[in-house]
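Welcome! Try each task before reading on.

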Amino acid sequence: MPSMELAHDDVVETHEEGAANDRVPLLVLSSLRTFLDGAGIGTGEQEIGVTPVGDGHSNHTFILDRGADSVILRRPPRGPLPPSAHDMLREARVLRAVQTTPVKAPAVLATCADEAVIGAPFYVMEKMDGHVITDTVPDVLDTPEQRRALSFELVDALVELHAVDWRAAGLGEGFGKPDGYLERQVKRFLGLWEHNRTREIPEVERVGAWLREHMPAQTDSTIVHGDFRLGNVMYAPEAPARLVAIFDWEMSTIGDPLADLGYLQMMWSEATDPDGGMFELNRVTRAEGFPTRAEMVARYEERSGRSMTDITWYTTLALWKAIVFMEGNYKRATSGASDDPFLKTFGDGVIELARRAEEVSRGGA
């Protein structure tokens, strides 16, 4: 998995050292060490080795090595942050809820709501070993047969997640509102578009209207992961392909399960697709052996028993939401609210994605 590089002010030893820098730190080792002592992760004055994982454009993930213990810490990015965004304690709650179910997820070892420790709420979870597939497939799984197998493992894990009795798992109170999920999604993102947009993009308006006019009836409510894709799961180190963990639960809620499938469809490329530009995150699935989107949907339909009549609507919704999010990132970058140069490149990509969303809404691939 690609990793960001640590800047000189990302990790400091004390709060006093952090206060002397222009930016607040991401980790403060002295107070983190005390917290880990209390959680039984390493002991005493053992040093903490810090290795960043991922690209650092959203929540921050670090491997912490302390003595014989190696764990993962998750925390939000530097502020200011939108209300309810990057809620690490919510993410930890759903991870703990699925621990007693067949869902494959890492165990949460400790949570911290006290911002005085490192400057933001965070949680610590077990470090798992395996492969996360982004731009390449590991050699041990890089055959047509294993590519197909790992793809269906992905679909089956989604079916497994959507089969969880979320009330029995403890997610009934204050976690999500199952009724009216689709209506709230469209209404919320219409409002976000008005807030995020930096220019007129007629395709976004037309797709939003289409989603309102063709909204399907929600038939059931399940845990919705919200960011379920190939790059957010881990496979076992050796063949045969076996999915061992689902990561990045920040967007999870209770809602329509087909929202997850539509999102997975949006993120799945086929060999014959036109170039997806900068937002094609799973180009790797163009390789021989990876199933088509239609085959993935058929697998989900067979294993879940849910009708796929309206899957085009859910895929269009996923594309449209991505447009709104990306335009918000672009606005943050161009207004100076973010110093991430990658976000400044989103301008043309948002327009490309809007055209694709309209094409899909009209029955395109």
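This is a predicted model: local features need pLDDT of at least 70, side-chain atom pairs count only at pLDDT 80 or more; totals for chains, interfaces and linings use all residues.

**Exercise 1. A strand with two partners**

Which residue stands opposite Val71 in strand 7?

- Step 1. Start from Val71: the residue opposite is Glu126 in strand 7.
- Step 2. Look at the strands around this pair. Strand 5 (residues 69–75) and strand 7 run antiparallel and are joined by four bridges.
- Step 3. Turn to the other pairing. Strand 6 (residues 108–112) is also antiparallel to strand 7, again with four bridges. Here Thr111 has Tyr123 of strand 7 as its bridge partner.
- Step 4. Check burial. Strand 7 covers residues 122–126, and four of its five residues are buried, so the rest of the structure largely encloses this strand.

**Exercise 2. The two sides of a helix**

Which residues of helix 5 are buried, and where do the exposed residues Lys187 and His195 sit?

Solution. 

- Step 1. Get the length. Helix 5 (residues 181–196) has 16 residues, and its first and last C-alpha atoms are 22 Å apart, close to the 22 Å expected at 1.5 Å a residue.
- Step 2. List the buried residues: Tyr181, Leu182, Gln185, Val186, Phe189, Trp193 and Asn196. They span an arc of only 130° around the axis, which places them on the same side of helix 5.
- Step 3. Recall a rule for such spacing. An α-helix has 3.6 residues a turn, so residues three or four places apart point the same way.
- Step 4. Look at the opposite face. Lys187 and His195 are exposed and lie on the face turned away from the buried side of helix 5.
- Step 5. Find what the buried residues pack against: helix 6 (202–213), strand 8 (222–224), strand 11 (253–255), helix 7 (258–266) and helix 9 (311–334).

**Exercise 3. The helix next in number**

What covers the buried residues of helix 6?

Solution. 

- Step 1. Compare the span with expectation. The twelve residues of helix 6 should span 16 Å at 1.5 Å a residue, and the 17 Å between its end C-alpha atoms agrees with this.
- Step 2. Pick out the buried residues: Glu203, Val204, Val207, Gly208, Ala209, Trp210 and Leu211.
- Step 3. Name the cover, which includes helix 5, helix 9 and helix 10 (346–361).

**Exercise 4. Rings that meet**

How many aromatic pairs does the structure hold, and how are the rings of Phe189 and Phe325 arranged?

Solution. 

- Step 1. The count is four aromatic pairs.
- Step 2. For Phe189 and Phe325, the ring centres are 5.3 Å apart and the planes stand at 85°, so this pair is edge-to-face.
- Step 3. Phe189 belongs to helix 5 and Phe325 to helix 9, 136 residues apart, and their pair links distant parts of the chain.
- Step 4. Compare their surroundings. Phe189 is buried, with a relative accessible area of 1%, whereas Phe325 is partly exposed at 32% relative accessibility.

**Exercise 5. A buried residue in a loop**

Is Phe290 buried or exposed, and what does Phe290 touch?

Solution. 

- Step 1. Locate Phe290 in the loop between helix 7 and helix 8 (293–304).
- Step 2. Apply the cut-off. Buried means under 20% relative accessible area, and Phe290, at 8% relative accessibility, counts as buried.
- Step 3. List the contacts. Leaving out residues up to four places away in sequence, Phe290 touches Val137, Arg147, Leu150, Ser151, Trp268, Val284 and Thr285.

Key: Residues are numbered from 1 along each chain as its sequence is written. Side-chain values use heavy atoms; hydrogens and water are left out. Buried means under 20% relative accessible area, exposed over 50%, partly exposed in between (1.4 Å probe, protein chains only). Two strands pair if DSSP finds at least two bridges between them. The expected span of a helix is 1.5 Å times one less than its number of residues. The arc is that of the directions from the helix axis to the C-beta atoms. Contact means heavy atoms within 4.5 Å. Rings of Phe, Tyr and Trp (its six-membered ring) pair if their centres lie within 6.5 Å; planes under 30 degrees apart count as stacked, over 60 as edge-to-face and the rest as tilted.
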